[in-house]
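Dear colleague,

Please find the structure below, with its sequence. My findings follow it.

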Amino acid sequence: MPVATGVDAFVAFERQLRTLCLDEFPCGTGSWRTASDNRNPGTQFSVTLRDYGARKEQEETLDELVTSKYSPYSVDYTWSKEARQLREIAVKSPWLITRDFILKHFQTMKIVDKNVCNVDSGMLQFPKLTELTLSANSLQSVDSRNLPITIKVLELVANEISDLEPLCYAPPPGLIHLGLGVNRISAVHDYLTGPYWPHLLSLDLSFNNLCDFKEVVYKLQTLPKLRNLVLIGNPLALLPGYRGYTVDSLRKLTILDDLQISADEKHHFKGLARRREFVRNEAKVILKLRALSGIPMPAELQATEELPDFPIITRTYYVEFNFLEDFLNSPQKEEEKEEEEKEEEKEEEKEEEKEATLEELPGKQEERTEGDQLPQENGHPEENGVKEGTETNNVDAAATVPEKEATEEETGEDETTPSQQPLKLVPYRTDVLPWAEEGMELVYEREIQIDDLPALKELFKKGLDIDIKEDKVLSYPAEDDGRASVTSKKGGKDGGKPEKRGASGVKDKAKDAKAAKDDGKKKKKKEPEIELTHMPPEVTVLGSYHLEMAEIVNGETKIEQVCICRGGSLAAQQMEEKEEEVPDGKKDKKKKDGGESAKAKKGKDAKQDKEKGKKPGKGDGKDAKKDGGKGAKRPTTGVTLAGEDEDEKPPPPPPLTVTVELELVHWKTAQESIPKLAPAATPTIHEGEEGKSEVPT
């Protein structure tokens, strides 16, 4: 399928102008107009009264076809405020419609989703254009030299703009609003400053890739008349001090992210702009997991018959999710630091060995004869040569590093985009809990600090995957191993009781000695504990849930939701149970329709009589007459009879749920920016021999 190529902005305007049909019915001069309408009147008195009345009636009819929204000749006027007026003029005074008149007529224009890739010089033909909207197109840059100087509102939302330099070649001097939202801008540089935009009142930079928070705010401080700013949707908007620092730095700002800045808000954040050291490019996310319910009872707890002693089945449950790595508590960084320290120690050892060998060389050379003094003198340059060689190697190595870094910086702009690189997520899990009938109360709270803001924004857009898992561990006695099999034969009829003791014989003797003293204790306490070998856990996913977090990018700070987890082994098990119940139900229906045989009735009556403690006899018929039929009472013994659950179905199992709370930390006052110090350790008080308290210094 061929890819559609972009068009110029003026070409897109001409296509929209054709939709007005200025030369077609009911507009323009054509056969549908009277003779007096087709010619240009010389004066206003050149038309007779009769012709004037007829022409007026014709204009009203044509004008109604143009203005009525129910007319079949109605067209789209939303792309310009002057489009309807221009079409009405084409009906009333079609001789005025010329190319120059049309270009001078437009003051506002919207070219939306027309695949515009270039703002060409044709746009300079609009001498009165004040508002230009080029949203949802394919613009990668906009050359301001091709924009009319009369423009006051320029909307470039939802394009592919990443370079702002062409926009500053010759910016319109009277521009008051600039919309650059939903683009690919990653840096502001000096292009959005006061010298280029002295009259700018409103600036939209939402949903871009701006990360350097302090630099962006520092550049925007140079705009003298800025009153409305939109930065929401950028990675920098995820920082705790985003709103407070912006409000305190841009004191003339009245609206931030479409929210009015109140006087109380300015007072609460006063002084935060002077605490630049506390405002870091680090986001904080607090994730809480609460009640976990809906897990069915394990099969070993439902069994009524006696189960074998071994294997011992242990089931534990927990919640697991994947999130970005906490850069403060990451084990990888600790390992990297340890490796760096080890490498530094190795380098120091090598340098010490070299210095030691160099110190030994002069002592050996002094022991030589006088005839060997010439090579002895030549030995010093060799030593110097070794040192110089090592230094040059280090210099060469150091010189090669910036080249690699430079190449990485050159190609890093494209490689660091979140759409190209997959997110590096790390699994987090709660503490394991045993099964509980009333549900499991999770007490999990984790504060995660992220310094990779673009990755965090991308994760919020994709969402969080939450899994409820079960670990099943089988435990067997240690005697089942190959080494214990020999000792079990020696045990004889006792079943190998001596081998069930602990690993150390001293502990076994001590236990036997204590058991001999305690005569009143039970025999079970005298038996030593059995050593168990635990098999690797069998991990099964009971259910999963995908938590949508795009609201955080759109400005929300907190999400609280009860997640109903579906899928996994639990859902598959329930489906199998439903499939097994369907044929049984069909059989019961057949029995109802076809009636029961006499033998079946006798068998049922015999079972009921046995449960009631009666013998089958003639009295059964009376009881059957009293209790028979559809309204028969159930026996009070608690035993379910055959066909009893034909009308009543068991209630559906409760859903598998877990409560999730996610909060993006934002400061509400300037005081919250000060990091909290760890509480000082209070000295412990010890009592001396004489009862006096002693405080260690």
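Which residues of helix H1 (residues 9–18) are buried? The model is a predicted one, in which local features need pLDDT of at least 70 and side-chain atom pairs count only at pLDDT 80 or more, while totals for chains, interfaces and linings use all residues. Residues are numbered from 1 along each chain as its sequence is written, and side-chain values use heavy atoms, without hydrogens and water.

In H1, Ala 9, Phe 10, Ala 12, Phe 13, Gln 16 and Leu 17 are buried (under 20% relative accessible area, 1.4 Å probe, protein chains only). Seen down the helix axis, these buried residues fall within an arc of 155 degrees, so they line one face of H1. Their packing partners include helix H4 (83–92) and helix H5 (99–105); contact means heavy atoms within 4.5 Å.

An open sheet is formed by four strands in the order S14-S11-S19-S18, with antiparallel pairing (at least two DSSP bridges between two strands). Strand S14 (444–450) and strand S18 (558–565) are at the edges with a single partner strand each, so one side of each has no neighbour in the sheet. S18 pairs with strand S19 (residues 656–664) over eight bridges, and Lys 558 stands opposite Glu 663 in S19.

Asp 471 lies in strand S15 (residues 464–477) and is buried, at 9% relative accessible area. Its side chain makes a polar contact with that of Tyr 318 (3.2 Å), that is, a pair of N or O atoms within 3.5 Å, one able to donate a hydrogen and the other to accept it. Asp 471 is also in contact with other residues, including Arg 315, Arg 429 and Glu 538.

Yours sincerely

Terms used. Buried < 20%, exposed > 50% of the residue type's maximum accessible area, 1.4 Å probe, protein only. Helix = DSSP H or I, 4+ residues; strand = E, 2+ residues; numbered from the N terminus. Arc of directions from axis to C-beta. Lists of a residue's contacts leave out its neighbours within four places in sequence.
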